[in-house]
Amino acid sequence: MTDSVPDSLLVKIEELIEQIQAMNLFNDTFISVVFKDEASCLHLVRQLMQKPDLKIIACRTQDAIPMLISKSPRLDITAEDDKGTLYEIEIQRLEEPAPARRVRYYSSVMDSELLRKGVTYDKLPEVYLFYLSEDDIWHGGQTVYELHQYLSHGSEQVPYDNGLHTIYVNAEVDDGSNIAKLMQYLKTAKAGDTSQGALSAHVNYLKSPEGGREAMGEFERICKEKGREEVHRETALEMLKDKKPLNEIIKYSKLAKEAIFALAKENGLEVVVG
């Protein structure tokens, strides 16, 4: 009987299960699988909002949001409650050189998508945009930073409410709050940890031998899709740099027109139309 070769099917399966065991909730692939579970998504939003009775009627992960925002860049989670309020969540592991401008771009693209679907300005929903990071990007020693906007009337400052609430939360500073406990969990996602209710239960299942094998196909699908999309984006970016016309870029990159315009804007390039 010969020994199994390193690239055998069984070895690949075991390697993937080991990778799943090591993943935390700042990992894009793990996020995409975990938050397909509605109970996990509900727990996350409720904890971030500190509203245990919040009723979420829809929750989508990044690969399931049929919007422009799902192309470049992509929000990790978008949820909606029974009042029509949207909760947009970006979980950022790597250091972002301009987080405030990235958040500005997220909100503008999402609003544009809503308007494109026929929503008038006065019907734009209330939006809570959460930017979750491992590091304290504002270096203020706080777990949570909330943006407040004001209009100046002489020496008086009047709250400016445009329906957008921007909130930065990090896992570096542990202030002992429930949100800090959530962020510490996202950073570790240890198998056996039961501190985060339904979210912990689903993570523990995925990290069990049974759950890991059941979800393996989903992990592989997401990894392959992310790989294909990156190739499509690289193709489009090179064609934009070469000033190729839009119709050619669509044909060869397989990206939608809106995604190409977003990619061009992101990289300071012009789209040649015609």
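Predicted model: local features only at pLDDT ≥ 70, side-chain atom pairs only at ≥ 80, totals over all residues.

User: What share of the residues in the chain is buried?
Analyst: A residue counts as buried under 20% relative accessible area. The chain has 274 residues, and the buried part comes to 43%.

User: Among contacts between residues at least 6 apart in sequence, what percentage join residues at least 24 apart?
Analyst: Contact here means heavy atoms within 4.5 Å. Of the contacts between residues at least 6 apart, the share joining residues at least 24 apart is 63%.

User: Which residues have the most contacts inside the largest nonpolar core?
Analyst: That core holds 40 residues. Phenylalanine 35 touches residues including Ile77, Ile91 and Leu199, beyond its neighbours up to four places away. A second, separate core has twelve residues, among them Leu240 and Ala259. In the largest core, the two with the most contacts are Leu25 and Phe35.

User: What span should helix H3 have, at 1.5 Å a residue?
Analyst: H3 covers residues 38–49, twelve in number. The expected span is 1.5 Å times one less than the number of residues.

User: Are helices H8 and H9 roughly parallel or roughly perpendicular?
Analyst: The axes of H8 (residues 246–253) and H9 (residues 257–266) come within 10 Å and cross at roughly 105°. Angles of 65 to 115 degrees count as roughly perpendicular. Therefore H8 and H9 are roughly perpendicular.

User: Which residues of H9 meet H8?
Analyst: From H8, the partners are Leu246, Ile249, Ile250 and Ser253. By class, the contact has five nonpolar, one polar and one charged residues. On the H9 side they are Lys257, Ile260 and Phe261.

User: Is threonine 85 buried or exposed?
Analyst: Threonine 85 sits in the loop between strand S2 (77–81) and strand S3 (86–92). Beyond four places in sequence, its contacts are Ala79, Glu80, Glu126 and Tyr128. Its relative accessible area is 12%, so threonine 85 is buried.

User: What separates the C-alpha atoms of alanine 22 and lysine 190?
Analyst: Alanine 22 belongs to helix H1 (residues 9–22). It counts as exposed because its relative accessibility is 67%. Lysine 190 is 168 residues away along the chain, yet the C-alpha separation is 8.4 Å.

User: Is histidine 139 buried or exposed?
Analyst: Histidine 139 is in the loop between strand S4 (127–133) and strand S5 (144–146). Its phi is positive, near 55°. Relative accessibility is 70%, so histidine 139 is exposed.

User: What is the relative accessible area of alanine 189?
Analyst: Alanine 189 lies in the loop between helix H5 (178–188) and helix H6 (197–206). Its phi is positive too, near 50°. Alanine 189 is buried, and its relative accessible area is 0%.

Conventions: Residues numbered from 1 in each chain as written. Heavy atoms only, no water. Helix = DSSP H or I, 4+ residues; strand = E, 2+ residues; numbered from the N terminus. Buried < 20%, exposed > 50% of the residue type's maximum accessible area, 1.4 Å probe, protein only. Core = buried A, V, L, I, M, F, W, Y, C linked by side-chain atoms within 4.5 Å. Axes fitted to C-alpha atoms, helices over the stretch in contact; angles between N-to-C directions. Parallel < 35°, antiparallel > 145°, perpendicular 65-115°, else oblique. Nonpolar A, V, L, I, M, F, W, Y, C, P; charged D, E, K, R; others polar.
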